[in-house]
Amino acid sequence: MADAAGGPQPEDCPGTGSAQAGRAAACQGCPNQKLCAAGAAGPDPAEAAALRERLRCVRHVVLVLSGKGGVGKSTFSALLAHGLAADESKQVALLDIDICGPSIPKMMGLEGEQVHQSGSGWSPVYVEENLSVMSVGFLLSSPDDAVIWRGPKKNGLIKQFLRDVDWGEMDYLIIDTPPGTSDEHLSIVQYLGASHVDGAVIITTPQEVSLQDVRKEINFCHKVKLPIIGVVENMSGFICPKCKNESQIFSPTTGGAEKMCQNLNVSLLGKVPLDPQIGKSCDKGQSFLSEAPESPATSSYRNIIQRIQEYCDLQHTQEEKTI
Amino acid sequence: SAEVIGASNLSGVRHVVLVLSGKGGVGKSTVATQLALALRQAGKKVGILDVDLCGPSIPRMFRVQDSAVHQCDSGWVPVFVDQEKSISLMSIGFLLEKPDDAVVWRGPKKNALIKQFVTDVAWGDLDFLIVDTPPGTSDEHISTVEALRPYKPLGAILVTTPQEVAVGDVRRELTFCKKTGLRVLGIVENMSGFVCPHCSECTNVFSKGGGEELAKYAGVPFLGSVPLDPQLSQSLEEGRDFIREFPKSSAFPALLHIAQQVSDSASQRSS
Ligand SMILES: Nc1ncnc2c1ncn2[C@@H]1O[C@H](COP(=O)(O)OP(=O)(O)OP(=O)(O)O)[C@@H](O)[C@H]1O
Ligand SMILES: [Mg+2]
């Protein structure tokens with residue numbers, strides 16, 4: 001970013017996540033020096049290593065990201081978890097790190113559930129025997145409770161989710177994130193270690209207002225060396241339930257995700273049309289995939305989930321990676 | 001203190017209005033943009049401060065994404081949308097070298113820039129300063145509200161879409177307003193209902209009524225429902241003046257009505 005004259009960051013900012021944060025020569029005189037030096041900015045490396053040790057029994061980690069809000073990250077995360085858990089031999093966990101706007105409890109039909117303390121930490125909430133969920137929503141006592149937290153507190157909770165939750169063995173850990181490229185994103189990547197994540201699935205809608213943020217998210221992935229599994233274009237086209245004609249509510253004025261993927265050389269995993277039933281299923285906490293097996297959106301979700309599964313199968317498992 | 005405010009860049013700003021939502025992608029930037037256009041139509045001078053640092057939409061929605069801000073004696077000169085200088089903008093988008101650069105910043109850095117945005121932009125005289133925010137109740141929101149507190153904002157508009165998943169997040173945003181002492185001007189329900197251009201059938205793509213129900217439940221004004229309108233999204237893609245060019249479109253009356261109510265709240269306070 002251009003250092004706007006008198007901007008808040010020094011020219012050679014080592015980055016808040018760096019071990020040099022607050023300690024480098026360039027940090028002298030920066031208004032954030034104290035905060036960075038105190039570690040408010042990032043995890044300390046020894047701690048991150050301990051966290052990773054604890055997560056050794058996770059085979060595959062998939063991050064669901066988007067630069068833009070409201071494009072369907074949580075919906076996709078929930079359906080990906082349901083889709084993967086359809087194979088009863090696989091253990092699937094869904095972690096919601098959207099601390100200020102957790103939607104996963106409602107979408108998974110777990111609203112009002114509370115986390116329980118077990119001998120070895122917090123127990124996640126189970127949807128099925130092989131599908132467990134964790135979200136800040138399970139720690140709130142009322143639907144009006146707001147989590148008015150700055151970065152360091154959010155980071156602390158994310159760490160707790162990784163360290164203190166009794167996840168057990170996991171074949172897949174799906175992580176739903178808030179929009180943006182800030183604390184939550186940096187922290188999860190640093191805690192897990194970019195190389196221990198199979199990759200990120202990036203969600204967008206077809207219009208440029210969304211794509212311009214998603215390009216930033218893709219740059220974020222490059223910056224932190226997070227592999228990109230691919231892009232999903234959501235809400236592409238709406239088919240009128242009465243006359244069956246298609247309308248573009250969010251028109252791909254600059255070529256949509258397809259063109260962006262070509263330009264940036266990332267895979268397009270698929271397009272999912274707008275189906276009013278998707279939102280309704282989310283509100284009822286039911287899996288759209290089983291609620292509307294005949295919908296074109298379902299087959300498109302299923303194809304995408306299969307591609308992600310194949311991608312993960314090609315990756316080494318966590319254990320192999322750490323050796 | 002009065003002295004500080006006397007010398008401040010915001011002393012010529014009459015009313016500050018925040019646009020908030022707990023949920024992303026519900027149309028905060030859209031409402032901020034259309035509110036500015038409608039107030040301009042009514043002869044007002046308007047500024048927009050975009051504090052969405054990771055995903056700024058305002059520059060493109062006015063088709064000035066290639067502009068840059070300049071420095072003057074009293075701080076940053078905002079970007080003007082028109083020759084008459086009736087709408088001025090400040091956004092991190094104007095500070096980026098390349099438009100696709102990711103702003104990978106943690107809270108403290110975002111907070112420092114927001115403080116600067118509030119104190120260092122030479123807005124001049126404005127009837128309204130509209131603040132567009134990212135979703136949530138975190139660093140950007142706390143810092144913005146704290147920095148603006150001395151200037152006594154008129155209040156906040158909360159935007160939601162009708163489905164429960166969005167309304168749930170906006171309930172939390174209401175709690176944020178209560179805790180920070182920010183008056184709620186009202187709730188806007190956006191994207192409620194889509195009229196098929198082929199057969200005129202109205203489908204509630206994201207269900208219907210959630211925003212109005214929430215307003216009733218919370219005892220705050222309901223500012224209206226804005227339908228899903230492809231002409232609106234198209235017009236935002238191209239950075240056009242929707243309010244002037246599409247007075248016949250389905251979203252127009254609702255947007256104008258929202259601006260009217262904001263104007264009324266402002267004149268009630270002034271009198
Ligand atoms: N009533 C509407 N009809 C049609 N399209 C709309 C409507 N409201 C918003 N949109 C479109 O929906 C998309 C999301 O809106 P917008 O960017 O304003 O949301 P936001 O709340 O600011 O999102 P973010 O949380 O990412 O900042 C935009 O492409 C916008 O043009
Ligand atoms: Mg926005």
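This is a predicted model: local features need pLDDT of at least 70, side-chain atom pairs count only at pLDDT 80 or more; totals for chains, interfaces and linings use all residues.
Figure 1. The backbone of Val26(B) places a polar atom 3.1 Å from an oxygen atom of ligand 1. Two side chains of chain B also approach oxygen atoms of the ligand. For Ser29(B), a polar side-chain atom lies 2.8 Å from a ligand oxygen; for Thr30(B), the corresponding separation between a polar side-chain atom and an oxygen atom of ligand 1 is 2.5 Å. Ligand 1 taken alone exposes 640 Å², and the protein buries 98% of this area.

**Figure 2. The shell around ligand 1, which lies between chains A and B.** The shell holds 24 residues. Those that come nearest to the ligand are Lys68(A) and Gln207(A) from one chain, and Lys28(B), Thr30(B) and Asp229(B) from the other. Sorted by class, the shell has 11 nonpolar residues, nine polar and four charged. Within chain B, at least two shell residues come from each of helix 2 (28-41), strand 9 (184-195), strand 11 (222-228) and helix 8 (230-238).

**Figure 3. The interface between chain B and chain A.** In this view, 67 residues of chain B are in contact with 72 residues of chain A. The size of an interface is often given as the accessible area lost when the parts come together. For this pair of chains the buried area is about 5900 Å², with 57% of it given by carbon and sulfur atoms. On the chain B side, the residues losing the most area to chain A are Arg106(B), Arg172(B) and Glu237(B), which together account for 14% of what that side buries.

**Figure 4. Salt bridges and polar contacts between chain B and chain A.** Seven salt bridges are counted between the two chains. One salt bridge pairs Lys242(A) with Glu201(B), whose closest N and O atoms are 3.8 Å apart. The count of residue pairs in polar contact between chain B and chain A, with both residues at pLDDT 80 or more, is 32.

**Figure 5. Elements of chain B on the side that touches chain A.** Helix 3 (58-61), helix 4 (107-120), helix 5 (139-148), helix 6 (164-180), strand 9 and helix 8 of chain B each supply at least two residues to this side. Helix 6 of chain B gives the most, with nine residues. By class, the side of chain B that touches chain A comprises 30 nonpolar, 20 polar and 17 charged residues. Strand 9 and helix 8 of chain B, listed here, each also supply at least two residues of the shell around ligand 1.

Conventions:
Residues are numbered from 1 along each chain as its sequence is written. Chains are lettered from A and ligands numbered from 1 in the order in which they are written. Side-chain values use heavy atoms; hydrogens and water are left out. A residue is near a molecule or strand if one of its heavy atoms lies within 4 Å of it. A polar contact is a pair of N or O atoms within 3.5 Å; within protein, one must be able to donate a hydrogen and the other to accept it, and residues adjacent in sequence count only if both atoms are side-chain atoms. Accessible areas come from the Shrake-Rupley method with a 1.4 Å probe; for residues, only the protein chains shown count as cover. Helices (H or I, at least four residues) and strands (E, at least two) are DSSP runs, numbered from the N terminus. Ala, Val, Leu, Ile, Met, Phe, Trp, Tyr, Cys and Pro count as nonpolar, Asp, Glu, Lys and Arg as charged, and the others, Gly among them, as polar. Contact means heavy atoms within 4.5 Å. Buried area is the accessible area (1.4 Å probe) that two parts lose on being put together, summed over both. A salt bridge is a side-chain nitrogen of Lys or Arg within 4 Å of a carboxyl oxygen of Asp or Glu.
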